[in-house]
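Here's a quick tour of the salt bridges, ring pairs and chain contacts in this one. Have the viewer open and follow along.

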2 protein chains.
Amino acid sequence: MPTQLQRAREGTVTAAMERVAEREHRDPEFVREQVAEGEAVIPANRAHDSLDPMIIGRAFGTKVNANIGASETTSDLEAELGKLHTAVHYGADTVMDLSTGGDLDEIREANVEYSPVPVGTVPIYEAVTRVDDVADLTHELLLDVIEKQAAQGVDYMTIHAGVRMEHLPLTDGRKTGIVSRGGSILAQWIEENGMENPLYTKFEAICDIFAEHDVTFSLGDGLRPGCLADASDEAQYAELDTLGELTRTAWDHGVQVMVEGPGHVPMDEVADNVERQQAVCDGAPFYVLGPLVTDVAPGYDHITSAIGATEAARAGAAMLCYVTPKEHLGLPDAEDVRDGLAAYRIAAHAADVANGRPGARDWDDALSEARYKFDWRRQFELALDPERAREFHDQTLPGDNYKEARFCSMCGVDFCSMRIDQDAREAAEDGEGKMEAIDDETDLDDSSAAEVNRPPVGEHDGSDVPDLPKFVDPYGHEEPADD
Amino acid sequence: MPTQLQRAREGTVTAAMERVAEREHRDPEFVREQVAEGEAVIPANRAHDSLDPMIIGRAFGTKVNANIGASETTSDLEAELGKLHTAVHYGADTVMDLSTGGDLDEIREANVEYSPVPVGTVPIYEAVTRVDDVADLTHELLLDVIEKQAAQGVDYMTIHAGVRMEHLPLTDGRKTGIVSRGGSILAQWIEENGMENPLYTKFEAICDIFAEHDVTFSLGDGLRPGCLADASDEAQYAELDTLGELTRTAWDHGVQVMVEGPGHVPMDEVADNVERQQAVCDGAPFYVLGPLVTDVAPGYDHITSAIGATEAARAGAAMLCYVTPKEHLGLPDAEDVRDGLAAYRIAAHAADVANGRPGARDWDDALSEARYKFDWRRQFELALDPERAREFHDQTLPGDNYKEARFCSMCGVDFCSMRIDQDAREAAEDGEGKMEAIDDETDLDDSSAAEVNRPPVGEHDGSDVPDLPKFVDPYGHEEPADD
């Protein structure tokens, strides 16, 4: 059975393309063209029944990925499904199961079964757990793991095939060496075996597996910079050139491709990084991790990286991999996931507005109109994170009567500029003043914005998602209270 | 006695310029030139004895302001001094006392007495508390309040003199009208009295007061946009033209000037806003509030605005007014102040790195080196917010032994890329591998970075700050624990 890419090339608009067109408010034929040209991907493994198809490409709404997964020490299925649902609830457009501990197959299969969004993995993580020493990894084991995960329904996989033997000495002048987990594993394998990267030498075999299951490549940037000093260096760009070659090889096999990018990049180099990837990889979608625009703020790296992510998306990155406040310091908890996703939905939306994506600004307009009208309930409802907005407001003014009050505790009633502005306009209308009243209404139901660019965040067609096991109550605790 | 500007024009390098040169690692003569040309300001009221002088200008490290102050309902002196010290501790380069309640004179005098950083105010807030109705404000009252605050030692004042009668109808097409508190008050006054803005008509009298005490103008942008839809509109730019005129008038009176800017601006318009202000106001320093690059995220506006602030500073804004997570929703608490300042120090520093400010990246390099060496204590020490970094790390690995561990709970020991990278390099060195070990050392003591661009954040020469009243323990609760 041909892949989405192959069918797009044949001129077929698939059911997934139809659904994507509906979600993005675009013409199905345009979706088909974008997929056919490789400028967009629809990661949709044939075996992922519960998937609500989505698209990643610079012509569409900017997407956000959240990493989830069990660690070496802590893992249980309930907790993992809880993470999946937290991520989807707060607006992740895809999730990556980066589990390195627990029953990997059980967790992965459950994630695929219950996820309405594409699930990505990094198969080398599982492969490493199956050997005592990284050097013992074999070509066969790697292909076996990849094939098994493909059969389990994984929609896209990070494959660090661009880390080549000849690139390794280019990392010697770096401050922080190789900071991609997959990249460092492969470098160690190459060093210890004195052989070329097995994911590179077996790339066509991987393509064949991917074509069979319609898995999308996420070509890993194993040599991405881990600090500002290492950004945009020879190692990074040598690998990118390889990723460009591999993109074309994958396309030749009818397989969809996106390309991963950094990492840590100063603000003034972010756009250059995106433009270079777009040129080298012939427009294949760019999927960036941040980038962090400074190294100095551990504890706040959702912010340091959301700044870079906004700039990257404005310059053409198609998907942003979130970073949580715990980056570099520890394992994120549910609140960290929430904070990370909020920062990244902001980055994605701000870039969509800046790029003039059709209808994107309608959301801003509708919220600002509610704000000006002191319609607090509507403002909360439209907020990116309604619970957080309500909670912050209610900390000082919890009473129900304050939900229509013409002020909040920030400025107080006497100094609320919007209240004063409205009074001045009213006085002006009554008398001979210069100002006029304002009364606007943006109808979001009529907006041409892509779904990802409209509230409520985290909505999906869940009709194909099976009922969850009893022990998980994914939305219960986050349900907005009546007020 | 001449102002800093007048003395700079005469060719005198003042003591304040000497101190600034030391803090910025620049030549005193360069500082003098920048002040003489109006491209930088040293807000330093003659009566502010405890001030450690600082400079605001695009040629220097990007600065951050924090707003503090008592509200109409809650206020006591102890709490206000606590806010001052929280702000300074977390790195505010200036503070604005926006008090609208309590004993305004007592609070303002205490802030000036105990603040090592410049104190700014918005005198119209006090003026409004002295009348029953905004329309009752008189020219005399406004000048009296301004003169009194100048005599009290306020270093800079926001004066919304650019809100002119003829601009008001330009705000009619807006979604959120006039959102500056000062701007809305003046619009109401203009509407109700049918007369021109008193701060505009009395501008030269204000200049005379400012010249006498060496108060710096912060020309308020009373018509700044309050949502993306209103950004860069006719009203905003008409006012900016007036601010350009007023800049030249103030300079003619020997008074230092900076100019305030928005607000809410889409990412793609931020740089244009900065460049336009620089052109219209002949290079006077631009002091921006954010800007927020989207309206949709109440509860996270420290992030929406830090994104815009980074871009603004990269494009040439000299000072960033912070926004806290409570913006639009309520009064910030100490933790909100901390979060807001962290976001803005990130923006300021990221822009300084992007702009190639001398030595700026040394901080990033030193932290990344500590990170690569698994020197956790040093990494915390160098972090923008050491307590937060340590706290997050210690949530999962509190033991003292983990302070030298070659992993953290984020990836675990088996999957820590930096540990794997180092092992691979060691193996390569022993054998015939391709990679080499990395051992770097950036000496921050030798860095040419401006003080604001080096850890520890929030350090000041406090030798002229009087001992605090007993009831305030400004640093006690934030002192890093021994570990």
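## A salt-bridge network

Let's start with charges in chain A: Arg19(A), Glu22(A), Arg23(A), Asp52(A) and Glu451(A) are joined in a network of salt bridges. Keep in mind that the model is predicted. Over all chains, the structure holds 78 salt bridges.

## Individual salt bridges

One of these pairs Asp336(A) with Lys326(A), where the closest N and O atoms are 2.7 Å apart. Asp336(A) sits in helix H14 (residues 334-354) of chain A and Lys326(A) in the loop between strand E10 (319-321) and H14, so the bridge ties together parts that are 10 residues apart in sequence. Both Asp336(A) and Lys326(A) are buried.

Over in chain B, the side chains of Arg388(B) and Glu335(B) meet in a salt bridge at 2.9 Å, N to O. That pair links distant parts of the chain, with Arg388(B) in helix H17 (residues 386-396) and Glu335(B) in helix H14 (residues 334-354) of chain B, 53 residues apart. Arg388(B) is buried, with a relative accessible area of 8%, whereas Glu335(B) is partly exposed at 38%.

Asp365(B) and Arg361(B) form another bridge, with their closest N and O atoms 3.1 Å apart. They are four residues apart in helix H15 (residues 360-372) of chain B, which means about one helical turn separates them. Is each end buried or partly exposed? Asp365(B) counts as buried because its relative accessibility is 7%, while Arg361(B), at 32%, counts as partly exposed.

## Aromatic pairs

Searching the whole structure turns up 14 aromatic pairs over all chains. One of them is Tyr156(A) with Tyr287(A), an edge-to-face pair at 6.3 Å centre to centre and 85° between the planes. It links distant parts of the chain: Tyr156(A) is in strand E6 (residues 156-159) and Tyr287(A) in strand E9 (residues 286-289) of chain A, 131 residues apart. Tyr156(A) and Tyr287(A) are both buried.

In chain B, the ring centres of Tyr402(B) and Phe407(B) are 6.2 Å apart and the planes are at 80°, so this pair is edge-to-face. Tyr402(B) has 27% relative accessibility and counts as partly exposed. Back in chain A, Phe203(A), Phe210(A) and Phe217(A) make up one aromatic cluster.

## Two buried strand residues

Thr121(B) belongs to strand E5 (residues 119-121) of chain B and, at 2% relative accessibility, counts as buried. Its side chain makes a polar contact with the side chain of Gln149(B) at 2.7 Å. Beyond its neighbours within four places in sequence, Thr121(B) is in contact with residues including Met96(B), Arg108(B) and Tyr156(B).

Ala66(B), in strand E3 (residues 63-68) of chain B, is buried at 0% relative accessibility. Leaving out residues up to four places away in sequence, Ala66(B) touches several others, among them Ala87(B), Met96(B), Tyr322(B) and Leu341(B).

## Where the chains meet

How many residues does each chain bring to the contact? Chain A brings 111 residues and chain B brings 111 residues. The area buried between them is about 9,000 Å², with carbon and sulfur atoms giving 65% of that. Lys175(A), Tyr300(A) and Phe415(A) supply 9% of the area that chain A buries against chain B, more than any other three residues.

On the polar side, six salt bridges cross the interface, along with 36 residue pairs in polar contact. By class, the side of chain A that touches chain B has 53 nonpolar, 27 polar and 31 charged residues. Lys175(A) also bridges to Asp440(B), at 3.5 Å, N to O.

Definitions and conventions. Residues numbered from 1 in each chain as written. Chains lettered and ligands numbered in written order. Predicted model: local features only at pLDDT ≥ 70, side-chain atom pairs only at ≥ 80, totals over all residues. Heavy atoms only, no water. Contact = heavy atoms within 4.5 Å. Buried area = accessible area lost by both parts, 1.4 Å probe. Salt bridge = Lys/Arg side-chain N within 4 Å of Asp/Glu carboxyl O. Polar contact = N/O pair within 3.5 Å; in protein donor to acceptor, adjacent residues only side chain to side chain. Nonpolar A, V, L, I, M, F, W, Y, C, P; charged D, E, K, R; others polar. Buried < 20%, exposed > 50% of the residue type's maximum accessible area, 1.4 Å probe, protein only. Phe/Tyr/Trp six-rings, centres within 6.5 Å; stacked < 30°, edge-to-face > 60°.
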